[in-house]
Each structure stands twice: as structure tokens, then as C-alpha cells.
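Here is a short briefing on helix packing and on a few residues in loops and helices. Read it with the sequence and the 3D view at hand.

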Amino acid sequence: MTTCLALLLGVATGAAAQRVTFINPGKSSEGYWVTVSQVMQQSARSLGMELEILYAERNRLMPITLAKEIAQRPARSKPDYLVVTNDYSVGPEILRSLEGAGIPVFMVFSGIPEDLHAQTGRPRERYPFWLGSMEPRAEDAGYMTARALIQKARTMPQLRGADGKLHFIAVAGDRSTTASAARNRGMLRAVQEAKEVVFTQQVYGEWLRERAHEQAKVLYQRYPDARLVWAGSDQMAFGAMEAWRQQGGMPGKDALFSAINTSQEALDARRRGELTALAGGHFLAGAWALVMLYDHFRGIDFASEGLELHYPMFMLLNEANIPAFESRFAQVQTRVDFKAFSKFHQPKLKRYDFDIGRLLR
């Protein structure tokens with residue numbers, strides 16, 4: 001069934017290939033999460049790992065169901081590592097469902113926040129098999145896109161309201177995912193720094209284009225002076241942009257929009273100026289996680305850098321750097337050798353360097 005779509009890729013030669021399963025919280029047709037899977041596949045191929053990807057199809061409870069199914073597999077069919085996300089705060093229940101299964105677990109993209117540590121403890125405490133987590137520093141993305149949106153608006157006097165101020169709307173992701181909350185914090189920090197910006201309202205689009213579209217239609221009627229629209233993802237930005245077009249507006253001309261994620265649609269919209277600010281790079285987090293688990297399997301523990309890790313992974317995309325990004329991104333999916341980032345293969349490497357800027361160079 002599509003909710004449990006499994007892809008066995010990157011099979012290494014020999015019977016001892018390291019096996020990893022990733023429970024992908026997105027849809028098997030969803031651009032961002034498909035990209036995540038594709039880059040993880042290349043990471044696995046270059047490292048000689050077996051990678052299984054199971055899509056939860058945006059069903060909030062499906063990751064728990066899939067984790068339980070994996071826990072009940074015969075020993076010979078269990079992966080050496082299970083990679084999961086804490087989207088919609090399902091992480092604690094996933095850990096509970098895997099207790100006694102003998103499968104080391106690593107969280108990527110979104111880990112367990114402080115307020116849930118009472119349920120789970122920290123990695124390697126209450127659940128010794130929970131090795132740790134690694135997240136993109138999502139607050140960076142929220143901050144840099146909101147700041148770029150405001151900076152551009154300052155050069156366009158026609159966007160100011162009757163009070164002479166810039167009126168700002170935010171379409172956030174969801175209320176529980178740690179990455180969503182971090183993006184929101186970054187966005188709010190940029191808004192608070194800008195004294196001439198009026199923060200009107202924040203809504204939660206649940207990462208869905210259609211939901212953001214309906215919400216934006218209401219917001220535009222409620223706040224007729226609003227001309228700055230920040231979105232926590234590209235799909236929500238597109239929904240808000242379509243709502244603006246339907247009332248006769250022109251994104252990038254009489255209202256400014258921002259987004260996070262580097263789908264081709266988003267890159268094209270940024271190139272055309274319909275998106276004013278675009279940040280991305282975090283799609284690589286899954287590939288970086290495989291590098292860390294590859295090393296861990298060979299006795300090199302990432303604990304030397306910490307158990308709940310946050311790495312800067314975002315960059316702003318613009319007309320100047322999008323061509324280079326697109327060219328390199330195509331190579332990442334097919335030809336980049338991730339052994340160059342492995343401590344096992346690079347013994348002189350003291351700390352992981354997961355900077356997208358280095359990868360692009």
C-alpha cells in the first residue's frame with residue numbers, strides 16, 4: 001500500500017552491508033520529502049549501505065504503526081538502525097513502541113524538545129537504544145527569510161499601510177513539530193528587530209498548500225494593509241500566493257512572499273521574483289545522518305560532538321546563486337561521494353562539516 005511504500009536502494013556487495021530504515025513522514029508524491037529520500041539514497045549508495053524508506057503519507061499516526069511493524073520483524077529482517085522524525089510529536093510513542101526490539105534509533109530533522117524530555121529522558125538514558133538526534137538549525141531559516149522579506153519591503157514605499165508601517169502575516173507549519181516551532185522563533189525575532197513592522201496574525205497551515213490558500217483568503221480580507229507574507233514552507237507560500245492572485249494581486253510586485261524549501265517550483269518562483277526570500281539546504285539532513293550512522297557502525301561515535309545536535313544547514317537562494325545550486329544539486333542526487341564527510345574515511349576530520357556552502361563549492 002502507498003502508506004507503507006518501501007524502497008530498497010543502495011545495496012552494497014557482501015552479506016554484511018549496514019542496513020538502515022527511514023520512516024519518511026511526508027507523502028511519496030511530496031516534492032520536499034521525495035528530495036530528502038533521493039539524497040539519502042545517494043548517500044547510502046556512496047557509503048555502501050542498504051536503505052529502506054517507508055512513507056507515512058502525512059498520516060500522523062502512521063510512523064508509530066510502521067515502527068511497531070519494524071519492531072515485530074524477525075531478527076534477520078530488522079535494520080541495524082532506524083531513522084525517524086518527531087513530526088507531530090510522535091517521537092515519544094515511537095520510542096516506547098521500540099523498547100525491547102533491539103534496534104538503535106536516531107532522530108533527524110526534528111528531535112525531542114525540552115518539554116517532552118520528562119516523557120523520554122535524554123538520548124541513551126531511559127531508552128538506551130535511542131542514540132541521539134540531529135536537526136538542521138531551523139531558527140536560522142525563519143530568521144533569514146523574514147529578515148530578507150522585511151529588507152526588500154523597506155525599498156518599496158507602496159507596500160506600507162495607511163499608518164506608514166509594514167503589515168506582516170505568518171503562515172506557520174504546525175504547533176507541535178520542533179522544526180516548525182524553531183522556524184517560527186526565527187521569524188518572530190526578525191519581526192521584533194524591525195520597529196516599523198506590524199505583526200498581524202500567525203496561522204498554522206499544517207504544511208498544506210490548500211489549507212494555506214483558504215487561510216490566506218480570510219487573512220487578506222481581515223488585514224487589507226498586509227503586504228508581507230511569511231510562510232514556513234514552499235507549499236504554504238504557493239497557497240498564499242494563489243489566493244493573492246485570485247484577488248487581482250501580483251506576488252513580488254504589490255505583495256512580498258517568502259518560503260522555505262528548495263523544490264524546483266520554489267527555485268523558479270524565486271528566479272522570477274514572485275518569491276522574495278527563499279531558504280533551503282536542510283533536505284540534506286537525512287544524508288548527513290547516514291554519514292554519522294555509517295561511522296557509528298564502525299566504532300566512531302558522534303557523541304564526541306553531542307547527543308542532541310543542531311547544525312547550520314540553511315542558505316538564502318537568489319538569482320545569483322540558484323544556477324550553481326541547481327547544477328550541484330543534480331550532482332548530489334547522483335554523483336556526490338558522501339565518504340568525503342565521514343570520519344571513518346577522513347581520519348583527520350575532528351568535527352562533522354555539514355555546511356551546504358562547502359558541498360556547493
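Contact, as used below, means heavy atoms within 4.5 Å. By that cut-off, and leaving out residues up to four places away in sequence, His-282 touches Tyr-32, Phe-109, Pro-136, Arg-183, Ile-260, Asn-261, Met-313 and Phe-314. This is a predicted model, in which local features need pLDDT of at least 70, side-chain atom pairs count only at pLDDT 80 or more, and totals for chains, interfaces and linings use all residues. Residues are numbered from 1 along each chain as its sequence is written, and side-chain values use heavy atoms, with hydrogens and water left out. Helices (H or I, at least four residues) and strands (E, at least two) are DSSP runs, numbered from the N terminus.

**His-282**

- His-282 sits in the loop between β11 (277-280) and α10 (285-297).
- His-282 is buried, with a relative accessible area of 3%.
- Buried means under 20% relative accessible area, exposed means over 50%, and partly exposed lies in between (1.4 Å probe, protein chains only).
- Ser-29 is 253 residues from His-282 along the chain, and their C-alpha atoms are separated by 19 Å.

**The loop between β8 and α7**

- Glu-206 lies in the loop between β8 (197-204) and α7 (209-222).
- The relative accessible area of Glu-206 is 18%, so Glu-206 is buried.
- Glu-206 touches Arg-60, Tyr-88, Ala-172, Gly-173, Asp-174, Arg-211 and Met-236, not counting residues up to four places away in sequence.
- Trp-207 is also placed in the loop between β8 and α7.
- Trp-207 counts as buried, at 12% relative accessibility.
- Most residues other than glycine have a negative phi.
- Trp-207 is not a glycine, yet has a positive phi of about 70°.

- Glu-57 is found in the loop between β3 (50-55) and α2 (62-71).
- Glu-57 has a positive phi of about 55°, although it is not a glycine.
- Glu-57 is buried, with a relative accessible area of 16%.
- Pro-63 is in helix α2.
- Pro-63 is buried, and its relative accessible area is 9%.
- Pro-63 touches Ile-23, Ala-56, Val-90 and Ile-94, not counting residues up to four places away in sequence.
- Tyr-81 is 18 residues from Pro-63 along the chain, with 15 Å between their C-alpha atoms.

- Two packed helices are described by the angle between their axes and the distance between the axes.
- Axes are lines fitted to C-alpha atoms, for helices over the stretch in contact, and angles run from 0 to 180 degrees between N-to-C directions.
- Helix α5 (residues 138-154) packs on helix α6 (residues 178-193) at an angle of about 35°, with the axes 6 Å apart.
- The crossing of α5 and α6 is right-handed.
- A crossing is right-handed if the near helix is turned clockwise from the far one by less than a right angle, and left-handed if anticlockwise.
- Residues of α5 in the contact include Ala-138, Gly-142 and Ala-146, and those of α6 include Ala-182, Gly-186 and Ala-190.
- By class, the contact of α5 with α6 has nine nonpolar, two polar and six charged residues.
- Ala, Val, Leu, Ile, Met, Phe, Trp, Tyr, Cys and Pro count as nonpolar, Asp, Glu, Lys and Arg as charged, and the others, Gly among them, as polar.

**Helix pair α7 and α8**

- α7 and helix α8 (residues 234-246) pack at about 45°, with their axes 7 Å apart.
- α7 and α8 are therefore oblique to each other.
- Angles under 35 degrees count as roughly parallel, over 145 as roughly antiparallel, 65 to 115 as roughly perpendicular and the rest as oblique.
- α7 passes α8 in a right-handed crossing.
- The contact has eight nonpolar, four polar and three charged residues.

**Helix pair α9 and α11**

- The axes of helix α9 (residues 264-272) and helix α11 (residues 322-332) come within 11 Å and cross at roughly 165°.
- That makes α9 roughly antiparallel to α11.
- α9 and α11 cross in a left-handed way.
- Gln-264, Leu-267, Asp-268, Arg-270 and Arg-271 of α9 meet Ile-322, Phe-325 and Glu-326 of α11.
- This contact has three nonpolar, one polar and four charged residues.
- Ile-322, Phe-325, Phe-329 and Val-332 are the buried residues of α11.
- These residues cover an arc of only 75° around the axis (taken from the directions from the helix axis to the C-beta atoms), so they are on the same side of α11.
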